Amino acid sequence: MAKAKVLPQYIAGLSAAFGAFCMGASMGWSSPVEKMLTVENAYGFPISGDQFGWVSSLLTLGATVVCIPVGFVIDWIGRRPTMLALIPPYMVGWLLMIFANSVIMLYFGRFILGVCGGAYCVCASMYSTEISTIATRGTLGSFFQLNTVSGLLYGYIVGGYLPLLTINILCAILPLIFVVVHYFMPESPVYLAMKNRPDDATRSLKWLRGKDCDISEELKEIMEETNKNADEPKVNVFAALRRPITLKGIAIAVILQALQQWTGINAIMFYSTSIFEDVGAGLSGRVCTILIGATQVVMTLVATMIIDRAGRRILLLISAVFMAITTCLMGVYFQLKDTDPDSVQSLGWLPITSILLFIVFFSIGFGPVPWIMMAELFTEDVKSVAGSIAGTSNWFSAFLVTLLFPILKNAIGSAPTFWIFTAIAVVAFVYILLFVPETKGKSLLEIQSILAGGKNIETDTETTTSAHEKDQH
């Protein structure tokens, strides 16, 4: 029989991850339109700096509140239907942005866009890993981050050169492109197996692997994994989440997602334009932002190509080391600049090199890997909800960092703020070294066995079931 085809998996994975492109464009929208809204009154009504801060950060707040609820929804109605159902509210969000006649409309529009984008983040990550073979799982899992940074770049480009109405319209059409493409994709075979629909799961696998591929063994494994506890008393998801293995997986996924934000990516992006304008050979702010966005896209593409060869853990470790070095150098630069401004006149290359290296190494490690591992660490009965908890950790951390960074910078100065990010990156390195397992090329059963410390994982399931039975008596 023929080997499993890769192209159909890539097409389905990219189509699902296009939802992340939509979210990336919404994130990229903020930076280039700030001046239009706060200085030029592009909407025809005044918007203060503080109000724009809320317009910007309500996106991450919307994503924070939706992640856990959507984890239940995708197990209820499915991965693909959930993603398609997000299109109408997404369009409502952009219509509010297009026709806004008050700042309240902008608040609601951005919050709705955040809700839809955050929901995509959970759905697309789950869907991509569930449709992939073990050999392509890392690559397909990386599509999410690749589309996010590509969407950011799209937002930077259209925002940098076009009027506000055109920017909003060009961002609003993206969800419509998504629905046209993803409508023709199959549902996740894992979800279909969970719902005991083996015929539909077979059709889905045939579409994804090719008609000539023998999918019988893979289908058997999926059906066994998703229905292995079918003869036992029904365990609710909250009892399943209390399994020691699941709690360990949640701890790893949540901490990785939080570290992705707390190592300083938003601070670096915040500073990059002004630093490039100061020392970047006369480049305008918008050109600098686009260059940084392009760097992220290129390096995330590199990560997509190497992640199934190099492994997740080694990329995270390399990423943490270079993020620690570069944020430390940024702190040194700002310390010198604050104490003796003349001393940094010949050091213009230092912050530029630090920023670019930070973005390069963030993009190959901490950018994509937490999202991939979020979908790899859990059994099918808890994957959606456990992954949603990890996603919530990411967006809430992004919200807090965006909110706290300017306050911290004003209170203690730029240099100590960047050294805090250095310390967090060092902690991240130690944590990954001691606690994060390698999941490259491993089956779900192997990953669960590693989390259990090599113990028989059936014991965990039995413990959960007996605990649940006690709860009922």
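**Note on the predicted model: helices, a surface patch and salt bridges**

1. In this predicted model, Ile 222 counts as buried, at 12% relative accessibility; buried means under 20% relative accessible area, exposed over 50% and partly exposed in between (1.4 Å probe, protein chains only). Ile 222 belongs to helix α11, residues 216-227, where helices are DSSP runs of H or I with at least four residues, numbered from the N terminus. Contact means heavy atoms within 4.5 Å. Leaving aside residues up to four places away in sequence, Ile 222 touches Pro 189, Val 190, Ala 193 and Leu 205.

2. Residues are numbered from 1 along each chain as its sequence is written, and side-chain values use heavy atoms, without hydrogens and water. Local features need pLDDT of at least 70 and side-chain atom pairs count only at pLDDT 80 or more, whereas totals for chains, interfaces and linings use all residues.

3. Ser 142, in helix α6 (residues 137-161), is buried, with a relative accessible area of 0%. Beyond residues up to four places away in sequence, Ser 142 touches Ala 303, Thr 304, Ile 307, Pro 368 and Ile 372.

4. Helix α1 has a kink of about 55°, centred on Pro 32. The bend at a residue is the angle between axes fitted to the seven residues ending there and the seven starting there.

5. Eleven salt bridges are found in the structure; each is a side-chain nitrogen of Lys or Arg within 4 Å of a carboxyl oxygen of Asp or Glu. In one of them, Arg 79 pairs with Asp 75, with the closest N and O atoms 2.8 Å apart. Arg 79 counts as buried at 0% relative accessibility, as does Asp 75 at 16%. Asp 75 and Arg 79 are also linked with Glu 130, Glu 380 and Lys 383 in a network of salt bridges.

6. A salt bridge also joins Arg 203 and Asp 200 (2.4 Å, N to O). These residues are separated by about one helical turn, because they are three residues apart in helix α10 (residues 198-209). Arg 203 counts as exposed, at 54% relative accessibility, and Asp 200 as partly exposed, at 24%.

7. Arg 312 and Glu 376 form a salt bridge whose closest N and O atoms are 2.5 Å apart. Arg 312 lies in helix α16 (residues 312-339) and Glu 376 in the loop between α18 (369-374) and α19 (383-412), so the pair ties together parts that are 64 residues apart in sequence. Both Arg 312 and Glu 376 are buried.

Methods:
Helices (H or I, at least four residues) and strands (E, at least two) are DSSP runs, numbered from the N terminus.
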